[in-house]
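This report covers aromatic rings and backbone features in one protein model. Please look at the sequence and structure first.

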Amino acid sequence: MISFQPFKKVISGALCLFALTAAGCGTSPAQQGAQAGVAPAPAPAQEQTIEHDMGKTVVKGDPQKILSLHPWISDFLLSLEITPSASPSSGPNSTEFTWYLKDGLKDSVNLGWQIPKPNLELIVQSSPDLIIGNQNFGELNEQLSKIAPTIFIEPVEDDKGVRKMRETYLRLAKMLKKEEIAKKKIAEYDAEVEKYRAQLKAAMADQTVMFLRVTDKELRDYSPKLFEVLYDDLGLAKPANIPDAAKSFQPLSIEKLPEVNPDHIFLLHEGGDRVSSLRETAVWKGLDAVKNNRVYEVDYDLWFQGFGPIANRLILEDATEKLLGAKANK
């Protein structure tokens, strides 16, 4: 008897080959689409919920265009190796980026100064995936959230009211899933702190340091609240009668200056008649810091607006050089 088994195998193989060619036998619809040159549909973006200082915000996917509403937020983002898609200018009287951030922001949209009211039209035009604001913008949460998912972060304060840079930085890093980068940058910052602190300890002993601001209206004696970098990181001695850290500053009359009488003064002013008049008074000329040529004018963008790993490192260096009267050892 003649067997037809081999013939059956040939027919079966031919049919399968025909089916594979004509109908994509054994392939999925996605594979068939790929074979036909049609791109498969993208997978839906994953959602994440970010807990922040005003609640929770749902964000789709991994935000690529993150908009900053304050210079210190831009400092934090750049330190986390994130370039803000848009960022504000350095202050109310400037249209430029903060000088020590501008290289990192060269590819960012300049929003101009955003306080007290942000430019919503410009924010819309920049098409952000995520907006990050601070306490200045809380009342605008609803409006901002209509443009893009919005989160808020305020400086973390200790039980005395001092703003803590490291804790604030880590909090934002956690929101953005960048904690490992933040821990690395904080370790680098702490190494800088120890270096400059050692230089000052050897030279300063118990000499006191005051931060004084002269505005058009008054003298302001600043508390440790805004200056963790001076009184905690560098370990500088506080002057007599320094304001409580629960508030940023207290107004001070010229007549009260001798009661403070610091060994060193960091002076912030905008020029004008008030500071000129102050320098001509007998009270001012009688201060130990003035008589010993230990009054140091400081930069507004860095010393007053600055808060973050980039700004704080520059303040460490600037303060050390001013206090020592020479270049700090880097």
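The text below takes up ring pairs, charges over rings and backbone angles.

The model is predicted, so local features need pLDDT of at least 70 and side-chain atom pairs count only at pLDDT 80 or more, while totals for chains, interfaces and linings use all residues. Residues are numbered from 1 along each chain as its sequence is written, and side-chain values use heavy atoms, without hydrogens and water.

**Aromatic rings**

Rings of Phe, Tyr and Trp (its six-membered ring) pair if their centres lie within 6.5 Å; planes under 30 degrees apart count as stacked, over 60 as edge-to-face and the rest as tilted. The whole structure holds 14 aromatic pairs. Phe76 and Tyr169 form an edge-to-face pair, because their ring centres are 5.4 Å apart and their planes stand at 65°. Phe76 belongs to helix α3 (residues 71–79) and Tyr169 to helix α6 (residues 165–175), 93 residues apart in the chain. Helices (H or I, at least four residues) and strands (E, at least two) are DSSP runs, numbered from the N terminus. Ring pairs also link a cluster that includes Phe211, Tyr222 and Trp303.

A charge sits over a ring if NZ of Lys or CZ of Arg is within 6 Å of the ring centre and within 35 degrees of the ring normal.

| Charged residue | Ring | Distance from ring centre |
|---|---|---|
| Arg163 | Phe307 | 4.1 Å |
| Lys195 | Tyr196 | 5.1 Å |

**Backbone**

Most residues other than glycine have a negative phi, and most peptide bonds are trans. Ile115 and Pro116 are joined by a cis peptide bond, with omega about 10°. Ala205, not a glycine, has a positive phi of about 55°.
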